[in-house]
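Let's walk through this structure together, one element at a time. Please keep the sequence and the model open beside the text.

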Amino acid sequence: MDLSVINPVLLIAALMSAATPILLAATGELVAERAGVLNLGVEGMMIVGAICGFAVAVESGSPALGFVAAAAGGALLSLLFAFLTQVTLANQVASGLALTLFGLGLSALLGQGYVGVKPPSMPDVNFGALADIPILGRILFSHDPVLYFGLALVAAVWALLKFTRAGLILRAVGENHDAAHALGLKVVRIRVLAILFGGACAGLGGAYISLIRVPQWTEGMTAGVGWIALALVVFASWKPWRVLLGAYLFGGITQLQLNLQGAGVAIPVEYLAMSPYLVTILVLVILSADKSRAPASLGRIFHASS
Amino acid sequence: MKLTTLLTSAAMALGLATAAFAAGHEKTKVGFVYVGPVGDGGWTYEHNKGRLAVEEEFGDAVETVFVENVPEGPDAERVMTQMALDGADLIFTTSFGYMDPTINVAKKFPDVKFEHATGYKRADNVSTYSARFYEGRAIQGHIAGKMTKSNIVGYIGSYPIPEVIRGINSAFIHARKANPDVQFKIVWAYTWFDPAKEADAAKVLIEQGADVVLQHTDSTAPQAAAQEAGNVITFGQASDMAQYAPMPRVSSIIDDWAPYYIARTKAVMEGTWESTDTWDGIGAGMVGIGEITDAVPADVKAEALALKESIASGAYHPFTGPINKQDGSVWLADGEVADDGTLAGMNFYVEGIEGDIPQ
């Protein structure tokens, strides 16, 4: 065993990158769920975002354009979910699962011509002299723009939900859609917008995997990240900063366990492999011991006549 | 009256048609169960190439079906049962974890022939087949030992099963022969296919100083990670992965299942199919060595090709003594060659590898 081969600075820098797809997708899902919509299609929207972003980045040569396309692709797919659940009043759980299956198939179809293609790489943000600060420079100032966007998004969602009228309306719709309707709020319209936001975020998260983390396209490459993001929203008690904590914890321990394995630590590998899931759940469960609970109208179907 | 006649004649026509169809030349139906997507660029991609070769060989006489992304567990049993119920005559189950499900389903369908890849359990209607990937690993190990500058070779394992351990041992033995200072760092990913995780594992190994990364997982993600890192070499796994040549991919192990799949399908069509255990290597053509690129120095390339020749001709076996086990006890005496039984169930590291095999 030789722990000195693990470089903590590189480890922290790597965990931030590893956590970003989960963070983006979970933040989007958090907004949808705070509006009372349970969308289990995160995995499907992510993988569609991954291929849309990849294809557009390859064709246009611009990763930034790829991310825009990924957000659009994810949002477009979520529009299907919005139509099913908000207009035709279909069951949200079933529709969400269907969306995931549909997304996986659709992405495989769209991606057929892109297997083995190398995408243009996204340059890191140039912070100039800041990046040369020892330790902090590598951890904080040497990443791609999307990673910073993810952090900003969490802060923005938190501020929106807590301090703005728009956030209040969103939460009102999620807590009691009948009362919100009686107050004259457009429940369906607000929910559709929340679903679209969730889809766009999931799409970005997917494209982060296909354009930055792996960079390549392979069928089924999100490999369950969407489900982890979904679970994270619940364990984080629908609070943005806890989503960030959970995502970093999960990404961090995933990275750490690989590092420990490489360093030959004498802990059985099985325990290391399950540790990210265990620790993340444990910490968030302890945190959620306060009185926070799910939005009261989560997953319920709304119709103005009821 | 008229209606009844009409119905009767319609029913009769239908019955005749069905009978005619049944009596006519019925297609042989061949099913494939895949652990990853056919577009993984590695393991499943090559099995699917074998399936397409079967279609090409027999044309209209066969019909092939496949299900991809089948998890190794109860779900696999469901997929195989469905294939058998849908009339498959021959089913290839192409991952180690399908071993028990294959045996279970085969019991329920004695008339359907099953072929399980890389396993060791057989029955009257279950054959096993595998390729001697460790022969290719020996060549990779040699190139890795010669080319590493940091003397650290990273190895991404999938699951700690004999096939993977055999590969690690074979690569290590030959890396050590080429370079006595070489060390292996082994990371278990616990997945056959998860590009993000495979890329992470490769990055971690590279951060910890590895400048050669060997993989026993199915996607091309480690190749992409190595390419990004720069001065790191890799080898294509299961498939050529030539899109990453000449750097980082300097060579590859290619699985060629097509001849075997064609032969076995033919045996079913002719009624000569028997339960067998096939384990072929470079000599028989089941294992191919992808082109060694110019990133490898000419003398190393020549040595690697000579090693390939001697393995192919049978003159040299990659597990030839003296070889000790990890704990220092003697496994093979000088000149002794490992028997297939020990190789098939290999569950120990050879001397010099650090760390424990997860149990």
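Start with helix α2 (residues 43-58) and helix α9 (residues 258-270) of chain B, whose axes come within 8 Å and cross at roughly 50°. Axes here are lines fitted to C-alpha atoms, for helices over the stretch in contact, and angles run from 0 to 180 degrees between N-to-C directions. Angles under 35 degrees count as roughly parallel, over 145 as roughly antiparallel, 65 to 115 as roughly perpendicular and the rest as oblique; α2(B) and α9(B) are therefore oblique to each other. Their crossing is right-handed, a term for a near helix turned clockwise from the far one by less than a right angle, with anticlockwise being left-handed. On the α2(B) side the contact involves B:K49, B:G50, B:R51, B:A53, B:V54, B:E57 and B:F58, and α9(B) contributes B:A258, B:Y261, B:I262 and B:T265. Contact requires C-beta atoms, placed from the backbone, to lie within 7 Å. By class, six of these residues are nonpolar, two polar and three charged. In this scheme Ala, Val, Leu, Ile, Met, Phe, Trp, Tyr, Cys and Pro are nonpolar, Asp, Glu, Lys and Arg are charged, and the others, Gly among them, are polar.

A word on the model itself: it is predicted, so to speak of local features a pLDDT of at least 70 is needed, side-chain atom pairs count only at pLDDT 80 or more, and totals for chains, interfaces and linings use all residues. Residues are numbered from 1 along each chain as its sequence is written, while chains are lettered from A and ligands numbered from 1 in the order in which they are written.

Stepping back to the whole chain, chain B has 11 helices and 14 strands. These are DSSP runs numbered from the N terminus, with helices (H or I) of at least four residues and strands (E) of at least two. The C-alpha atoms of chain B fill a box of roughly 95 × 45 × 35 Å along the principal axes. Among its contacts between residues at least 6 apart in sequence, 66% join residues at least 24 apart.

Now look at the parallel sheet. Six strands of chain B form an open sheet in the order β2-β1-β3-β4-β5-β11, where two strands pair if DSSP finds at least two bridges between them. At the edges stand β2 (62-67) and β11 (277-280) of chain B, each pairing on one side only. From one strand to the next, the twist averages 15°.

Within this sheet, strand β3 (residues 90-93) of chain B is worth a stop. Four bridges join strand β1 (residues 28-33) of chain B to β3(B), and the two run parallel; here B:F32 has B:F92 as its bridge partner. Four bridges also join β3(B) to β4(B), again in parallel, with B:T93 partnered by B:H116. In a regular strand the side chains alternate between the two faces of the sheet. In β3(B) both faces are covered, with B:L90 and B:F92 buried on one side and B:I91 and B:T93 buried on the other. Buried means that 20 or more other C-beta atoms lie within 10 Å of a residue's own, exposed means 12 or fewer, and partly exposed is in between, with C-beta atoms placed from the backbone. Of the 359 residues of chain B, 50% count as buried.

Follow the sheet to β5(B) and β11(B), which run parallel and are joined by four bridges; B:T128 has B:D277 as its bridge partner in β11(B). Both residues are among those touched by B:R122, along with B:S127 and B:S275, leaving aside residues up to four places away in sequence. B:R122 lies in the loop between β4 (113-117) and β5 (126-131) of chain B. Because B:R122 has 17 C-beta neighbours inside 10 Å, it counts as partly exposed.

The other sheet of six strands is also open, in the order β7-β6-β8-β9-β10-β12 (chain B), and its pairing is mixed. β7 (183-188) and β12 (287-290) of chain B have a single partner strand each, so one side of each is left without a neighbour in the sheet. Strand β10 (residues 249-255) of chain B pairs with β12(B) in the antiparallel sense over four bridges, with B:D255 opposite B:V287. Helix α6 (residues 162-178) of chain B lies across β6 (152-157), β7 and β8 (212-215) of chain B, at about 170° to β6(B).

Finally, 29 residues of chain B are in contact with 30 residues of chain A. On the chain B side, α7(B) gives the most, with nine residues.

Methods: Contact = placed C-beta atoms within 7 Å.
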